[in-house]
Amino acid sequence: RLEREFNLDLITTAPSVVYRIHMQKGEVLELHNPADMPDVVKINSIEEPWITATILVPDTYLGSVLKLCEDRRGVQQDLTYAGDRAMVVYSLPLNEVVFDFYDRLKSVTRGYASFDYQLSGYQENDLVKLAILVNGEPLDSLSLIVHRSQAESRGRALCERLKDLIPRQLFKIAIQAAIGGKVVARETV
């Protein structure tokens with residue numbers, strides 16, 4: 001509607017969570033926007049928020065729910081049965097949940113799962129800033145913080161999606177995903 005009525009070009013970005021950054025000098029910063037992340041050499045550690053998720057699901061869909069939670073770096077806490085329904089309790093990073101977890105949960109269970117969560121605190125993890133570069137220029141609005149193990153696959157998927165969205169030109173446009181100075185994915189329009 002905003003594009004139609006006001007002739008605006010909008011960019012939809014992924015939702016983010018608040019990270020705690022422990023600096024080398026001992027101070028603790030709260031990071032709301034990945035573009036504001038300080039230099040890596042000044043950072044001692046990065047903590048991300050974790051939740052305790054309770055999922056009620058028919059036992060026929062239990063395997064797909066467990067796989068979904070494991071793919072999202074979840075740690076299983078409890079699994080109990082009540083008749084033909086299972087109650088699974090997982091610890092999950094909030095960053096993995098806000099992106100598209102609920103939609104994926106509903107699709108793998110055909111809408112039969114119920115999901116509840118509560119914030120359980122912060123945990124230190126190996127997180128990196130994934131910057132998106134278009135023709136060598138960083139786009140701060142598209143940068144995100146991801147776990148190091150998922151950085152390459154997330155960067156590759158984002159570059160492929162951007163390749164389809166950016167209109168073709170008379171010259172080549174390089175779309176890159178980089179961690180620091182290292183390019184982990186690249187596409188060319």
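**Pocket, loops and fold of a predicted model**

Colleague: How much space lies in the second largest pocket?

Modeller: This is a predicted model, in which local features need pLDDT of at least 70 and side-chain atom pairs pLDDT 80 or more, while totals for chains, interfaces and linings use all residues. Residues are numbered from 1 along each chain as its sequence is written, and side-chain values use heavy atoms, without hydrogens and water. A pocket is an open set of points on a 1 Å grid over the protein atoms alone where a 1.4 Å probe fits, with protein on both sides within 12 Å along at least five of seven lines. Filled by probe spheres set on points joined across faces, edges and corners, the second largest pocket holds about 390 Å³.

Colleague: Which residues lie nearest the centre of the second largest pocket?

Modeller: Its lining (residues with an atom within 4 Å of a point) numbers 17 residues. Nearest the centre are M37, V40, I43, V128 and K129.

Colleague: Which element gives the largest share of the lining of the second largest pocket?

Modeller: Strands here are DSSP runs of E, at least two residues, and helices are runs of H or I, at least four, numbered from the N terminus. Two or more lining residues come from each of strand 3 (43-58), strand 7 (127-134) and strand 9 (174-179). The largest share, four residues, belongs to strand 7.

Colleague: How far apart in space are D39 and S64, C-alpha to C-alpha?

Modeller: D39 sits in the loop between strand 2 (28-31) and strand 3. In sequence, D39 and S64 are 25 residues apart. Between their C-alpha atoms the distance is 39 Å.

Colleague: Does R110 count as buried or exposed?

Modeller: R110 belongs to the loop between helix 3 (94-108) and strand 6 (114-125). Its phi is positive, about 55°, although R110 is not a glycine. Buried means under 20% relative accessible area, exposed over 50%, and partly exposed in between (1.4 Å probe, protein chains only). Because its relative accessibility is 64%, R110 counts as exposed.

Colleague: What is the phi of N135?

Modeller: N135 is in the loop between strand 7 and strand 8 (137-147). With a relative accessible area of 42%, N135 is partly exposed. N135 is a residue other than glycine, yet its phi is positive, near 55°.

Colleague: What pattern does the chain follow along the sequence?

Modeller: Four helices and 10 strands make up the list of elements. Of the 189 residues of the chain, 39% count as buried, and the C-alpha atoms fill a box of roughly 60 × 45 × 30 Å along the principal axes. Read along the sequence, the pattern is α-β-β-β-α-β-β-α-β-β-β-α-β-β.
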